[in-house]
2 protein chains.
Amino acid sequence: MSQAPPFQLQDFLPYLLNQAAETSGQEFQSYYKARYGMLRTEWRVLFHLGRYGDMTATDICSRAKVHKTKVSRAVSALEARRFLKRETRSNDRRHEALSLTPAGEAAFADLTTEAQRYNATLLSDFSDEEFAVVRRFLLHVARLDCKDSQT
Amino acid sequence: MSQAPPFQLQDFLPYLLNQAAETSGQEFQSYYKARYGMLRTEWRVLFHLGRYGDMTATDICSRAKVHKTKVSRAVSALEARRFLKRETRSNDRRHEALSLTPAGEAAFADLTTEAQRYNATLLSDFSDEEFAVVRRFLLHVARLDCKDSQT
DNA sequence: GGCTATTAGTTGCTTTTGTAACTATCAACA
DNA sequence: TGTTGATAGTTACAAAAGCAACTAATAGCC
């Protein structure tokens with residue numbers, strides 16, 4: 001009745017992925033939480049605007065696969081801290097073009113530096129080839145492995 | 001002023017890990033949610049007891065790195081649905097030995113089969129060697145890569 | 001123009017999580 | 001014994017996330 005190799009928890013990918021995401025997320029959170037009092041979604045919105053240019057809340061939703069209420073609240077919080085500003089588009093007044101303020105740009109630059117540094121520490125024991133495998137796997141599982149990688 | 005290669009979101013591991021964990025977690029959740037109305041922590045407690053034998057709530061906390069309030073609530077929920085039973089240990093009445101009921105064992109067996117099947121689909125495009133790299137990486141990031149792998 | 005359907009974004013309510021304080025039990029040691 | 005400190009587990013309260021209803025603006029079509 002026993003299955004061939006008893007199923008180990010450390011072989012179950014949703015569990016492994018969750019543990020790894022939790023640990024790394026917590027560790028990196030310490031940066032943006034301590035320095036800017038940001039929440040995860042706020043950091044994510046900041047990064048999207050800083051890295052990929054001005055866009056609307058809905059754009060961020062579809063790119064980051066985050067629900068719009070979370071984005072809405074993150075945008076409000078970042079606006080209250082003067083990290084971004086909104087501008088209603090004249091041609092369609094439903095859209096709000098979001099853009100970073102100088103303070104937002106500064107925070108983005110600072111945190112991006114940290115992100116790259118932190119990323120490097122996670123990969124220190126792995127070769128470029130190994131990272132490529134890991135990256136491909138993660139993109140596959142997250143269903144992000146479209147041929148046309150987003151600009 | 002621009003950093004050598006502009007930092008891509010798809011290279012940032014906490015982000016990638018979170019997306020992959022979210023997607024796979026959601027997908028697998030559909031099984032235990034639909035069939036047994038379980039929450040993630042409840043499934044995790046069930047799996048620990050089914051796979052690793054009877055233990056106390058604190059044992060599960062340290063093994064699964066879950067906070068004790070979450071485990072406490074999951075245990076209560078599983079007990080209410082008659083998936084597990086508690087037994088206060090006579091030698092130390094603070095400890096509660098948790099064990100699955102027959103219904104709990106059945107759910108565990110069913111879900112474990114699904115887990116293995118789902119796991120296989122995630123890995124269908126990857127070789128054993130590639131999986132080994134991914135697994136090693138995830139254990140490393142999650143700080144679970146102790147030499148003495150848990151029994 | 002005016003009716004209907006769609007889209008962007010917000011708000012209120014519920015569920016879940018996180019934090020800290022609490023009870024109960026036991027161990028150690030004066 | 002009895003006092004202090006630690007441990008197992010629960011509960012109460014606060015923060016965050018999820019869901020559904022809502023407003024405002026626009027597009028399509030008659």
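Helices are DSSP runs (H or I, at least four residues), numbered from the N terminus. This is a predicted model, where local features need pLDDT of at least 70 and side-chain atom pairs count only at pLDDT 80 or more, while totals for chains, interfaces and linings use all residues. Residues are numbered from 1 along each chain as its sequence is written, chains are lettered from A and ligands numbered from 1 in written order, and side-chain values use heavy atoms, without hydrogens or water.

**DNA strand C.** H4(A) has the largest share, four residues. I then checked polar contacts (N or O atoms paired within 3.5 Å). A side-chain N or O atom of Arg73(B) sits 2.9 Å from a base oxygen. Glu96(A) uses a backbone N or O atom, 3.1 Å from a phosphate oxygen, and Arg93(B) does likewise at 2.9 Å.

**Chain A against chain B.** I noted contact (heavy atoms within 4.5 Å) for 57 residues from chain A and 57 from chain B. I counted six salt bridges between the chains, meaning a Lys or Arg side-chain nitrogen within 4 Å of an Asp or Glu carboxyl oxygen. One of them joins Arg143(A) to Glu27(B), with the closest N and O atoms 2.6 Å apart.

How values were computed
Polar contact = N/O pair within 3.5 Å; in protein donor to acceptor, adjacent residues only side chain to side chain. Helix = DSSP H or I, 4+ residues; strand = E, 2+ residues; numbered from the N terminus.
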